[in-house]
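Please examine the model shown below with its sequence at hand.

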Amino acid sequence: MAGNVSVGGASVASRTLSLLGAFDARHRRLTLTEMARRADLPVPTAYRLVNELQQWGALSRTSSGDYVIGRRLWDVGLLAPMQTGLREVASPFLHDLYGATLATVHLAVREGNQALYLDRLAGHASVPVVSKIGSRLPLHATGVGKVLLAHAPAELQSEVLGHLKRITPHTVVHAGVLKGQLARVHRDGYATTVEEMTLGACSVAVPVFRDDTVVASLGLVVPNLKRDKLRLVAALNVASQGISRSLS
């Protein structure tokens, strides 16, 4: 990567960061021209820097020619103390939870208006699961997301409630209904979804605390919740309480 020298009043580092900052939740794929425009850079300058970012692994190019954030940025991000510490502390409890339920286990945190999946253990049952470690999914359509949304600041809740996207025919897109569900998360201590993110998949999730603050959500994905919901909630709570005690 080029050194941090000033070019036309802006350092190479600041221009490089501007290109990376062109991506956000609503702009996950960008052309070179779009990146240059959003970063307020000439296209030739953007082209040179984007090539260096791609070589380093910070950006990847799709088959259609668009650019997306590269895996190496995710790897670097995992070194952040909060995420590294949380994953390390949670890991044995996630494996215990998996052993007790044989269901797909998720650990997620809120990143803006999305749920960021920090860890995932695949279950035995053939349930369609779209999440991957490092993926970001909507708060309103996932079990872990609903828990995180219920404990999010009021202004973010309002933002999400005002832009509910239907993902499957079962996704809750009525703000009043979702608001009632978020209230029940506080009352009952867990959230559920029924085929809201993926057809054939249901989820249940609980909060993870550090002292009195919700810092993550722990969830399970199963084919249905008709018979085992209370058992799954109990298993989740045991794991969540163990993680919370370790974090505190």
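Trp56 is located in helix α3, which spans residues 43-56. In this predicted model, the residue is partly exposed, with a relative accessible area of 35%. Buried would require a value under 20% and exposed a value over 50%, so Trp56 belongs to the class in between. Together with Val76 and Leu79, Trp56 makes a nonpolar surface patch of about 300 Å².

Helix α2, residues 32-39, may be considered next. The buried residues in α2 are Leu32, Met35, Ala36 and Ala39. These residues lie on the same side of α2, because they cover an arc of only 100° around the axis. An α-helix has 3.6 residues a turn, so residues three or four places apart point the same way. On the face of α2 turned away from the buried side, the exposed residues Thr33 and Arg37 are found.

What covers the buried side of this helix? The elements covering the buried residues of α2 include the helices α1 (12-20) and α3, as well as the strands β3 (59-61) and β4 (67-69). Just after α2, Asp40 adopts a positive phi of about 60°.

A record places these elements in a wider context. An unreviewed UniProt entry carries the annotation "domain: HTH iclR-type" for residues 10-71.

Conventions: Residues numbered from 1 in each chain as written. Predicted model: local features only at pLDDT ≥ 70, side-chain atom pairs only at ≥ 80, totals over all residues. Heavy atoms only, no water. Patch = residues over 30% accessible without salt bridge, like charges linked within 9 Å, V, L, I, M, F, W, Y side chains within 5 Å. Areas by Shrake-Rupley, 256 points an atom, 1.4 Å probe, with all protein chains shown as cover. Salt bridge = Lys/Arg side-chain N within 4 Å of Asp/Glu carboxyl O. Helix = DSSP H or I, 4+ residues; strand = E, 2+ residues; numbered from the N terminus. Buried < 20%, exposed > 50% of the residue type's maximum accessible area, 1.4 Å probe, protein only. Arc of directions from axis to C-beta. Contact = heavy atoms within 4.5 Å. UniProt positions renumbered as here; feature names shortened; annotations may be inferred.
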